[in-house]
Amino acid sequence: MTDAGADFYSRQALVPIRSMRNCFRPLLAATLTLLTAACWAQDASHDAVAIASFSAAPPGPAPKPWRFATLPNKKPTVFDIAEQDGSHVLRVATDDSYGNLVHAMRAPGGALRLDWRWRLDRPLAQADLRQRSGDDAALKLCVSFDYDIGRLGFGERTRLRLARISTGEAIPGQTLCYVWDRQLPDGTLLDNAFTRRMRFIVLRSGHDPLSRWMHERRDLQADYLRAFGDEAPEHMPDVIGVTVSADADNTHGASLGYVGDIRLER
């Protein structure tokens, strides 16, 4: 992530964003993943938990409705379908770059299981999610939630509303990211360095082997309550997007990883 918020849809939108940047500029950059998911949620099915598979796609761009999103003037992270170990998977490569691959949906909150596999071949040695200057990740899988921002404190609620007015988009109030990080130990829970609207759970760390597939199966509701239980202790809101993300624009490094099919199931 980077402390340089902007609306990636239109250069004209940069003027109102800059005029209020002291209020929410870091928030916009840190919640770009959520913004893109909200923009496309209106086109997603409301009655199915379906995520387009990578394994069924030919080599090349990720299949629709997966879509790429970034910030202006950033070198883009590369997301493409490649063959690896006899199957087609998503290749994710950074090189002093930034980017998100977003898949919108609408899944009712509740007992959901998130299932996927991933591998990291080249980590980001200088990344440190505890610091803004090191807020990069070689691999992240993020889930966006349709949280009622009216339940937030005045300061966070105001920043989100200003961002929504400036961009004209309904930026969601919460996102949870599962991270492959080489420095922090497995199980670490922490806020994004720029905003508490995004929180991280470290699943894989420097103790895990490189260039080897790791299978993840997560109780999404349990992880949500662990990460956001201070704000919504009784239930998990609807899921409105899933995002694969990777960036190296703060630490100016390079990374390489792969992600297999992602499943969200009752």
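Where is Ser 211 found? Ser 211 sits in the loop between strand S9 (198-204) and strand S10 (214-219). Keep that spot in mind while we take a tour of this structure, which is a predicted model.

**The overall picture**

Let's start with the whole chain. It has five helices and 13 strands. Of its 266 residues, 57% count as buried. Now take the contacts between residues at least 6 apart in sequence: 77% of them join residues at least 24 apart.

**Two residues with positive phi**

Back to Ser 211. Most residues other than glycine have a negative phi, and most peptide bonds are trans. The phi of Ser 211, though, is a positive value near 55 degrees. Asp 85 also has a positive phi, near 55 degrees, and is a residue other than glycine. You'll find Asp 85 in the loop between strand S2 (78-84) and strand S3 (87-95).

| Residue | Phi | Relative accessible area |
|---|---|---|
| Asp 85 | near 55 degrees | Asp 85: 54% |
| Ser 211 | near 55 degrees | Ser 211: 40% |

Is Asp 85 buried or exposed? Asp 85 counts as exposed because its relative accessibility is 54%, and the cut-off for exposed is over 50%. Ser 211 has a relative accessible area of 40%, so Ser 211 is partly exposed.

**A cis bond and a buried neighbour in one loop**

Next, look at the loop between helix H3 (32-41) and strand S1 (67-69), where Pro 65 is found. A cis peptide bond joins Lys 64 and Pro 65, with omega at about 10 degrees.

Ala 62 has its place in the loop between H3 and S1 too. With a relative accessible area of 16%, Ala 62 is buried, since buried means under 20%. What does Ala 62 touch, leaving out residues up to four places away in sequence? Its partners are Ile 81, Leu 90 and Leu 101. There is also Asp 80, which is 18 residues from Ala 62 along the chain, yet their C-alpha atoms are separated by 5.5 Å.

**Aromatic rings**

Time for some rings. A pair of aromatic rings is described by the distance of the centres and the angle of the planes. How many aromatic pairs does the structure hold? It holds seven. One of them is formed by Trp 116 and Trp 118, with 5.4 Å from centre to centre and 80 degrees between the planes, so the pair is edge-to-face, as the cut-off for that label is over 60 degrees. Both Trp 116 and Trp 118 are buried. Together with Tyr 178 and Trp 180, they form one aromatic cluster.

**A cavity**

Trp 180 turns up again in the lining of the largest cavity. A search of the whole structure finds one cavity of 30 Å³ or more, and the largest cavity has a volume of about 40 Å³. Which residues line the largest cavity? Besides Trp 180, the lining has Leu 120, Pro 123, Leu 124, Ala 127, Ala 137, Ala 138, Asp 181 and Arg 182. By class, that makes seven nonpolar, no polar and two charged residues. Asp and Arg count as charged, so Asp 181 and Arg 182 are the charged residues of this lining.

Terms used. Residues numbered from 1 in each chain as written. Predicted model: local features only at pLDDT ≥ 70, side-chain atom pairs only at ≥ 80, totals over all residues. Heavy atoms only, no water. Phe/Tyr/Trp six-rings, centres within 6.5 Å; stacked < 30°, edge-to-face > 60°. Buried < 20%, exposed > 50% of the residue type's maximum accessible area, 1.4 Å probe, protein only. 1 Å grid on protein atoms, 1.4 Å probe; cavity = no way out; pocket = protein on both sides within 12 Å on 5 of 7 lines; lining within 4 Å. Points joined across faces, edges and corners; volume = space filled by probe spheres on them. Helix = DSSP H or I, 4+ residues; strand = E, 2+ residues; numbered from the N terminus. Contact = heavy atoms within 4.5 Å.
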